[in-house]
Amino acid sequence: MTLTIDLILLAGLLLAVSILATAVTPRLGVPLLLVFLAVGMLAGEDGPGGIRFNDYQLANLAGTLALAVILFDGGMRTAYRNLRMALWPSVSLATLGVLITSGLTGAFATWLLDLHWAEGLLIGAIVGSTDAAAVFALLSARAVSLNTRVTATLETESGTNDPMAVFLTLAVLQYLVLPDSYSVTDSLRLLVQQMGLGGLMGVAGGYGLMMSLNRLRLSDSLYPLMALAGGLLVFGVTSRLGGSGFLAVYITGLWIGNHRVHALPNIRRFHDGVAWLAQIGMFVILGLLASPSALIGVAVPGLLIALVLIGVARPLAVWLSLLPFRYPLREQAYIAWVGLRGSVPIVLATYPWLADIPNSALFFNVAFFIVIVSLVIQGWTLAPMARLLDLYVPNNSARIQRVDVDLPGAVDHEIVSYRVPRHSGLSGMTIKEISLPEGTRVVCITRHNKLLPYRHWGQLQEGDSVTLLCHQDELDALDKIFESSRKPLKKADQRFFGEFGIVPAAPMSALADAYGLDALPPHAARLTVAEFIASSLPKPVVGDRLRLGEMELVVRRIEGDVILDIGLRLPH
């Protein structure tokens, strides 16, 4: 009984310390997942906690379960519009990119550690994919503000490349166990089985779970649990049949998050907390599994392999994978830099232990050290690197909160709050004087942390918070209304978006005459500025730039495929 109480106390203490760290570390720029790993290592046998934990089977179970939950939640938060924008580039990164990264890293590990080629390739396969937990944590925490194309690519790649890493790891392990009978044909059969079954079961599972949630009449608190149970069921059945459970559960979450599902707001809120719990628990347990004293012995080769992975293998894989898609070089460089390694390599590094092959300890310790190096070097520099590559899109949103609501007889509605910023064009206006979207309703106005009675609303003041009920399709329009300002852009924002505004419908010939642009292609004279940008850039997004001599045209605002606002950056 005492042991049980002590274990519960210890679990509560580790969880509380990890959660409290989330409130402190962002101010210091420390990657949260590195903190969770550190908490586990400090609690381990070489740290002050002194807990001896070496159960690789339990660690594998905890890591696999947590990854399934994280991928399910990540799928629910991936919008179809982002998926459509980045689907094929992400698929290329998730397949060809992982293969190239694993091959180059594995070749270097083979040479450096004097291993059999298959053992070296196993190290490459283990660390070949980016980590969904790390990337989703980065994007959800808003550590950096990036353009839509880069965000969508990172989000989709991290959710879809784990199956390729799992396939490569399993294929190489089977070869090491049965070197005389395992062939390339067996590998190809395993690949088709993993990806094919994973995709089919994901679609079927997503549709079936959606229908179940819409037709069952349950207590409101049970719908999130039903969704979680459905996601885990899809993962388990797919894996049991020999498919990729990770791919299946991600597609299931993607289906649920992008269709009309009863109680979806409650489901999303519940799974946000569960995904955080899964991340914390997984990294703490994996930290407990590692022994710092054992990592010291692989520090030099681990560091060298990590540097080759970060500086050579990943950038080359990204460049080759994105070559057909005309991504700007600075975006390719950033996507390469955000190739964070996290829980997936550590979980995959437990597979050699479970298969009982030689050098299992070496594979685990090297993979763990590479993860630490990746989180320290890449995780600590994501925001500075975005600024260095000029990809940090200024965020001028006045929105301070949004909450999904499940209204009887209505779907896809939200409660959203905006703060009237300084120098706002709304200051001094009444609610009736603002052209709000037709379906939007004002819920309340707060001033100086006090709720104003309806009869005292009057004219808006700087610092007021306005809360509205709206449809999700009206959010963009509301963002533009509450971002209106009588003050010019901040100097840094002006530098990013351009010092002058250009009318999108203006003829390119007039722009060329005004600024002496002589190097334009012949067809440009027949186009407007917006048409010229759209013809020169693949699927333009906010923040995209098109160089014209020493100047640049910058996309400031876009709706769908229509460019609505363009800036002109002058040479400095």
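Asparagine 359 turns up in the loop between α17 and α18. Helices here are DSSP runs of H or I with at least four residues, strands are runs of E with at least two, and both are numbered from the N terminus. Before going on, note that this is a predicted model, where local features need pLDDT of at least 70, side-chain atom pairs count only at pLDDT 80 or more, and totals for chains, interfaces and linings use all residues. Residues are numbered from 1 along each chain as its sequence is written, and side-chain values use heavy atoms, with hydrogens and water left out.

Back to that loop. Most residues other than glycine have a negative phi. Asparagine 359, though not a glycine, has a positive phi of about 65°. Aspartate 356 is found in the loop between α17 (351–355) and α18 (360–377). The table puts the two side by side; buried means under 20% relative accessible area, exposed over 50%, and partly exposed in between (1.4 Å probe, protein chains only).

| Residue | Phi | Relative accessible area |
|---|---|---|
| Aspartate 356 | about 55° | 69%, exposed |
| Asparagine 359 | about 65° | 35%, partly exposed |

Now zoom out. The protein chain has 23 helices and 9 strands. Its C-alpha atoms fill a box of roughly 75 × 65 × 45 Å along the principal axes. What about the radius of gyration? For 572 residues, a compact globule would come out near 25 Å, and the protein chain has 26 Å, which agrees. That radius is taken over C-alpha atoms, and the globule rule is 2.2 Å times the number of residues to the power 0.38. Of the 572 residues, 51% count as buried.

Next up: empty space. Rolling a probe the size of a water molecule over the atoms shows where empty space is left. On a 1 Å grid over the protein atoms alone, a cavity is a set of points where a 1.4 Å probe fits but cannot get out, while a pocket is an open set with protein on both sides within 12 Å along at least five of seven lines; lining residues have an atom within 4 Å of a point. Grid points are joined across faces, edges and corners, and a volume is the space filled by probe spheres set on the points.

The second largest pocket holds about 560 Å³ of space. It is lined by 22 residues, with Ala11, Ala62, Gly281, Met282 and Ile285 nearest its centre. Two or more lining residues each come from α1 (2–28), α3 (56–76) and α12 (264–289), and α12 gives the largest share with 9 residues. The lining has 20 nonpolar, 2 polar and no charged residues. Here Ala, Val, Leu, Ile, Met, Phe, Trp, Tyr, Cys and Pro count as nonpolar, Asp, Glu, Lys and Arg as charged, and the others, Gly among them, as polar.

The structure also holds 1 cavity of 30 Å³ or more. About 40 Å³ of space lies in the largest cavity, and its lining includes Leu67, Asp162 and Phe246. α16 gives the most to this lining, with 3 residues.

Finally, the rings. Rings of Phe, Tyr and Trp (its six-membered ring) pair if their centres lie within 6.5 Å; planes under 30 degrees apart count as stacked, over 60 as edge-to-face and the rest as tilted. That rule gives 9 aromatic pairs. In one of them, tyrosine 454 and tryptophan 457 have ring centres 4.9 Å apart and planes at 65°, so the pair is edge-to-face. Tyrosine 454 is exposed at 60% relative accessible area, whereas tryptophan 457 is buried at 12%. Ring pairs also link Tyr56, Trp353, Phe364 and Phe368 into a cluster.
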